[in-house]
Amino acid sequence: MLQANVSVFLKDVKQFDPAHIGMVLFAVGVMDVLSQGIATRLLLPRMGEHGLARAGLALNACGFLMIAAIPFVPSIAFLFAAIAVFTLGDGLFQPAMSGMIANAAPERERGQVQGANQGRQAVGRVLAPLCAAYLYERHPAAPYVAGAVIIAGAYMLLAARPAAAAPHGAGA
């Protein structure tokens with residue numbers, strides 16, 4: 001839901017112009033590079049895919065709640081901290097979850113399973129903007145609170161699932 005309405009959110013709540021919105025989106029890109037290119041590579045051997053996915057979801061939910069607080073917190077530093085926390089969480093979660101999904105399938109079926117995962121993500125990219133727009137009409141923070149609740153639910157489901165015994169990269 002972040003990508004679906006963050007530009008409108010920043011325009012309405014912070015009175016940002018396109019250049020300032022672009023700077024925030026640039027910060028998202030930088031955090032993606034840092035989280036997926038560096039942090040994931042360093043943390044995956046220590047935490048495993050399951051632990052990294054849980055940490056990513058926890059950061060994601062915290063980031064969404066921080067973004068929801070932006071209308072009430074006038075600080076630009078808080079805005080960038082919220083974006084950083086959310087993006088770091090997403091950057092840790094996505095590769096770890098992709099690895100968990102791939103490693104849970106027999107080697108011959110991994111392509112099909114990853115394709116199904118991409119399809120699931122595509123459905124989310126179709127539905128999230130509709131949900132975000134509906135919620136945004138109620139309050140600018142509502143899509144982010146809803147996102148945090150959804151992510152908290154996903155965290156609980158993942159936390160209830162035992163970590164796989166297979167080492168990273170091994171087939172199930």
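**View 1. Leu 10 and its contacts in the predicted model.** Leaving aside neighbours within four places in sequence, Leu 10 is in contact with Gln 15, Phe 16, Ile 21, Val 24 and Leu 79. Please keep in mind as you browse these views that this is a predicted model. One of the contacts of Leu 10, Gln 15, is found in the loop between H1 and H2. What is the phi of Gln 15? Gln 15 has a positive phi of about 55 degrees, although it is not a glycine. For background, most residues other than glycine have a negative phi. Is Gln 15 buried or exposed? With a relative accessibility of 60%, Gln 15 is exposed, because the cut-off for that class is over 50%.

**View 2. The largest nonpolar core.** Here we look at the largest nonpolar core, which has 33 residues. Leu 2, Phe 9, Leu 10, Ile 67 and Tyr 144 are the residues with the most contacts inside it. Which helices supply at least two residues each to this core? They are H1 (2–14), H2, H3 and H5. Of these, H2 gives the most to the core, with 12 residues.

**View 3. Helix H1 against helix H4.** The axes of H1 and H4 are 8 Å apart, and the two helices pack at an angle of about 25 degrees. H1 is therefore roughly parallel to H4, since angles under 35 degrees fall in that class. On the H1 side, the residues that meet H4 are Ala 4, Asn 5, Val 8, Phe 9 and Asp 12. Their partners in H4 are Ala 128, Pro 129, Ala 132 and Tyr 136.

**View 4. Helix H4 against helix H5.** How do the axes of H4 (residues 110–138) and H5 cross? They come within 7 Å and cross at roughly 125 degrees. H4 is therefore oblique to H5. The meeting residues in H4 are Ala 132, Leu 135 and Tyr 136, and those in H5 are Ala 142, Pro 143 and Ala 146.

**View 5. Ala 141 in the loop between H4 and H5.** Ala 141 lies in the loop between H4 and H5. Is this alanine, Ala 141, buried or exposed? At 6% relative accessibility, Ala 141 is buried, because the cut-off for buried is under 20%. Ala 141 and Leu 65 are 76 residues apart in sequence, yet their C-alpha atoms are 8.7 Å apart in space.

**View 6. Two residues of helix H2, Asn 60 and Arg 54.** Asn 60 is found in helix H2 (residues 18–69), and Arg 54 is found in helix H2 as well. Asn 60 counts as buried, at 5% relative accessibility, whereas Arg 54 counts as partly exposed, at 28%. Which residues does Asn 60 touch, not counting those up to four places away in sequence? Asn 60 touches Phe 86, Gly 89, Asp 90 and Ile 151. Arg 54, leaving aside its neighbours within four places in sequence, is in contact with Tyr 155, Leu 158 and Ala 159. Gly 89, one of the residues Asn 60 touches, is 35 residues from Arg 54 in sequence and 9.2 Å from Arg 54 in space, C-alpha to C-alpha.

**View 7. Helix H3 and its N-terminal cap.** Which residue caps the N-terminal end of H3? Ser 75 does, with a side-chain oxygen 3.1 Å from the backbone nitrogen of Ala 77. Helix H3 (residues 76–104) has 29 residues, so at 1.5 Å a residue the helix should span 42 Å. The end C-alpha atoms of H3 are 42 Å apart, which agrees.

**View 8. Ala 152 in helix H5.** To finish, Ala 152 sits in helix H5 (residues 142–160). Ala 152 is partly exposed, with a relative accessible area of 32%. How far apart are the C-alpha atoms of Ala 152 and Arg 138? They are separated by 21 Å, and the two residues are 14 residues apart along the chain.

Terms used. Residues are numbered from 1 along each chain as its sequence is written. This is a predicted model: local features need pLDDT of at least 70, side-chain atom pairs count only at pLDDT 80 or more; totals for chains, interfaces and linings use all residues. Side-chain values use heavy atoms; hydrogens and water are left out. Helices (H or I, at least four residues) and strands (E, at least two) are DSSP runs, numbered from the N terminus. Buried means under 20% relative accessible area, exposed over 50%, partly exposed in between (1.4 Å probe, protein chains only). Contact means heavy atoms within 4.5 Å. The expected span of a helix is 1.5 Å times one less than its number of residues. A polar contact is a pair of N or O atoms within 3.5 Å; within protein, one must be able to donate a hydrogen and the other to accept it, and residues adjacent in sequence count only if both atoms are side-chain atoms. A nonpolar core is a set of buried Ala, Val, Leu, Ile, Met, Phe, Trp, Tyr and Cys residues joined through side-chain atoms within 4.5 Å. Axes are lines fitted to C-alpha atoms, for helices over the stretch in contact, and angles run from 0 to 180 degrees between N-to-C directions. Angles under 35 degrees count as roughly parallel, over 145 as roughly antiparallel, 65 to 115 as roughly perpendicular and the rest as oblique.
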